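Please read this briefing beside the sequence and the 3D structure.

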Amino acid sequence: MKEIEKLDKDYVLHTYARNYVNFKKGINATLYDDENKDYIDFTSGIAVCSVGHGNKRVADKIYEQVSNITHISNLYAIEPQAKLAKRLAELSGYDIRTFFANSGAEANEGAIKIARTYGETKFANKRYKVITLEHSFHGRTITTVKATGQSSMHQSKFAPYPEGFSYNHTIDDIYNSIDNETVAVMIELVQGEGGVQPFDKEKIQELAKFLKQNDILLIIDEVQTGVYRTGEFLASNLYDIEPDIITLAKGLGGGVPIGAIMTKHKDIFAPGDHGSTFGGNYLVTTAALEVLDILEEVKDSGALDETIIYFNSKLNEVYENNKEIFTANVGLGLMRGLRVKDADTLALLIKTAFNCGVLVLKAGKNTMRLLPALTISKSEIDEGFIRLQKALTKIKA
């Protein structure tokens, strides 16, 4: 491990505060390091490995595809890409077309380009302003960093930033911020990096109705909430709204890098307006189709709903038994968080949990975030919470 750590520190840019464990193998929600120590993974690569680690069905489909074609270019038809776009329309229930990118940040960047194209062509005066919310997170490109409602992300060394972005504290504040240059409101229905904070369903529905009446686009960032993470295919389905634009990434590929921009403005772009060298290639769209096959089966069988209920019952036990450490139990579906009393305790808990063999994440508002694979087994859930309670007992000692 020391050799890997040295290589990383010598040759990789220092953008991550790494834990230098060396994972070698994964089976569903269990990871094994180079000493064969096992860890229950309650993170799934930050909501990416939706069908678990080492999924044989996905691996077999990838092998079959790359044995023939891995990549051509978007100058030619790509059969699995077209099939995936159709599948997303069917699963979402919306009348949409999709552009495929490589990440959530790219998807959100594309969504902003769609919004500004709409603002250029729909109105007599150019509309370009996008309203987001405080504590939001939309990516790390220059534009999506600026769209992110966290001042700590807007570092002066990356300036100047694109104009046209503003942030509101609450959903209610958005109405007073709209002016004649506002083209879109961009929100997460559950703020992931912002503390696993869901928004009130009725307020979201009222906002969606108001925006539609005023020809302002509603962009829903479902990079983390999408693809059954909240229990339905989209959090937008759960909230009973029909956004103008939805962005996906993370769990869609089950581990391969993919992003998607879904929009009901089906003819907004002309050839050449947007593009991607790798976006939607044979490899990633073949993998995504198999991921969706697996997750649709899990959902339709009732297993996903059972897993959500079981996981959250175990999580609530931990919360109720450790209220001297936790202040709130938040989230939806398998996107969960426990608020911790202070930042130092949260950091100690994440470290101690790792040493006890369970992986958890940090999020805003001093939140311990849990994003397990949607295929996690009951035995993995049981063992993970046994280990988490062991970590809590240690830090309380």
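Thr-247 lies in strand β11, residues 245-248, where helices (H or I, at least four residues) and strands (E, at least two) are DSSP runs numbered from the N terminus. The model is predicted, so local features need pLDDT of at least 70 and side-chain atom pairs count only at pLDDT 80 or more, whereas totals for chains, interfaces and linings use all residues. Residues are numbered from 1 along each chain as its sequence is written, and side-chain values use heavy atoms, with hydrogens and water left out.

**Thr-247**
- Thr-247 has a relative accessible area of 0% and is therefore buried (under 20%, with exposed over 50% and partly exposed in between; 1.4 Å probe, protein chains only).
- Beyond its neighbours within four places in sequence, Thr-247 is in contact with residues including Ala-107, Ile-220, Glu-222 and Ala-260, contact meaning heavy atoms within 4.5 Å.

**The open sheet**
- Four strands form an open sheet in the order β1-β2-β3-β15, with mixed pairing; two strands pair if DSSP finds at least two bridges between them.
- Because β1 (23-27) and β15 (358-359) each have a single partner strand, they stand at the edges, and one side of each is left without a neighbour in the sheet.
- Strand β2 (residues 30-33) runs antiparallel to β1 and is joined to it by 4 bridges, and the bridge partner of Phe-23 in β2 is Asp-33.

- Tyr-11 lies in helix α1, residues 2-11, and counts as exposed because its relative accessibility is 68%.
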